Amino acid sequence: MSVPERYTTCSNCGTLKRPEKYNYIEIEPKKGNYQSQLESNYCENCENFTLWFMGRGIPKLDSDPLRPLNPLKKSREERIKVNKELKQNYEKIKNYSEMFFLVKLLFTFKLRKEKKQGILLEKKLAKLIKEDRERLNVPSVKFYKKISPKPKCLECGSNRLNKPPKHSCGGDITLVNGNITYFRSMSYYKKTELWLYDEYGKLEKTKL
Ligand SMILES: [Zn+2]
Ligand SMILES: [Zn+2]
């Protein structure tokens with residue numbers, strides 16, 4: 001298997017770095033704790049992309065394997081699209097309704113069609129909202145929402161998460177795709193460390 005190697009670069013000083021990798025580390029919540037989302041983010045303290053405890057629960061994923069991993073993102077895109085269509089629909093209905101009586105008669109059919117379409121769009125939107133609410137109605141999401149811990153860098157414990165990230169020299173940090181690297185399949189990596197995080201992202205590291 002091969003992937004393009006990713007590099008962190010700075011717009012000002014050009015520093016090149018490979019993001020931290022966690023192939024050899026098993027990361028789990030402490031026993032009895034809920035799973036939090038983990039993200040690769042730039043840590044200004046570590047001066048590299050590291051893994052962050054985000055202090056957010058995991059929304060329920062769709063069972064449909066064809067859906068992307070982040071159903072909320074996909075759903076947000078769909079909602080934006082439906083909202084746009086609805087707006088156009090309202091505009092058309094408004095235009096037809098404001099037409100001079102005789103002209104309006106000619107457009108009766110079109111007006112009816114648009115009204116029907118509007119009802120369908122509103123139903124679609126309500127369905128998307130309901131699905132999202134169900135995805136978020138899981139214990140881990142509710143738990144972290146209640147205590148709302150700050151995101152934390154798992155490497156150094158910093159909670160300074162700036163987007164877009166800045167390098168210590170003041171330049172902008174970006175991730176770029178470099179050359180293709182060949183890497184061994186994930187199953188090859190033997191986990192040698194276990195990192196356990198608590199509900200505030202505090203770590204306990206043990207060797208396996
Ligand atoms: Zn720099
Ligand atoms: Zn850090």
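Me: Which residue stands opposite Y42 in β5?
Reply: F49 does. This is a predicted model, where local features need pLDDT of at least 70, side-chain atom pairs count only at pLDDT 80 or more, and totals for chains, interfaces and linings use all residues. Residues are numbered from 1 along each chain as its sequence is written, while chains are lettered from A and ligands numbered from 1 in the order in which they are written.

Me: How many bridges join β4 to β5?
Reply: Six, and the two strands run antiparallel. Strands here are DSSP runs (E, at least two residues; helices are H or I, at least four), numbered from the N terminus. Two strands pair if DSSP finds at least two bridges between them.

Me: What sheet has β4 and β5 in its order?
Reply: An open sheet of three strands, ordered β4-β5-β6, with antiparallel pairing. β4 and β6 (152-153) stand at its edges with a single partner strand each, so one side of each lacks a neighbour in the sheet.

Me: Now the core. Which residues make up the largest nonpolar one?
Reply: There are 11 residues in all: C10, Y42, C43, F49, L51, W52, F53, C153, L154, I173 and Y197. A nonpolar core is a set of buried Ala, Val, Leu, Ile, Met, Phe, Trp, Tyr and Cys residues joined through C-beta atoms within 7 Å. Buried means 20 or more other C-beta atoms within 10 Å of the residue's own; exposed means 12 or fewer, partly exposed is in between, and C-beta atoms are placed from the backbone.

Me: Which strand gives the most to this core?
Reply: β5, with four residues.

Me: What is I173 in contact with, leaving aside neighbours within four places in sequence?
Reply: T8, C10, Y42, P165, K166 and H167. Contact means C-beta atoms, placed from the backbone, within 7 Å.

Me: Switching to β9. Which strand pairs with β9 over five bridges?
Reply: β8 (residues 193-197), in the antiparallel sense. L194 stands opposite T206, and L196 has E204 as its bridge partner.

Me: What about the hairpin of β8 and β9?
Reply: Five residues lie between the strands, and G201 takes a positive phi near 80° there.

Me: How many residues of β9 are buried?
Reply: Zero of its five, residues 203-207, so to speak hardly covered.

Me: And which sheet holds β8 and β9?
Reply: An open one of three strands, in the order β3-β8-β9, with mixed pairing. β3 (25-29) and β9 stand at the edges, each with a single partner strand, so one side of each has no neighbour in the sheet. Neighbouring strands are turned by 20° against each other on average, direction ignored. For that angle, axes are lines fitted to C-alpha atoms (for helices, over the stretch in contact), and angles run from 0 to 180 degrees between N-to-C directions.

Me: Zooming out. How many helices and strands does the protein have?
Reply: Four helices and nine strands. The radius of gyration is 24 Å, well over the 17 Å that the globule rule gives for 208 residues, so the protein is more spread out than a compact globule. That radius is taken over C-alpha atoms, and the rule is 2.2 Å times the number of residues to the power 0.38.

Me: What does the C-alpha trace span?
Reply: About 80 × 45 × 35 Å along its principal axes.

Me: Which domains are assigned?
Reply: Domain 1 (2-58 + 151-207) and domain 2 (71-137). Their bounds come from an automatic or database domain assignment. Their centres, taken over C-alpha atoms, are 42 Å apart.

Definitions and conventions:
Contact = placed C-beta atoms within 7 Å.
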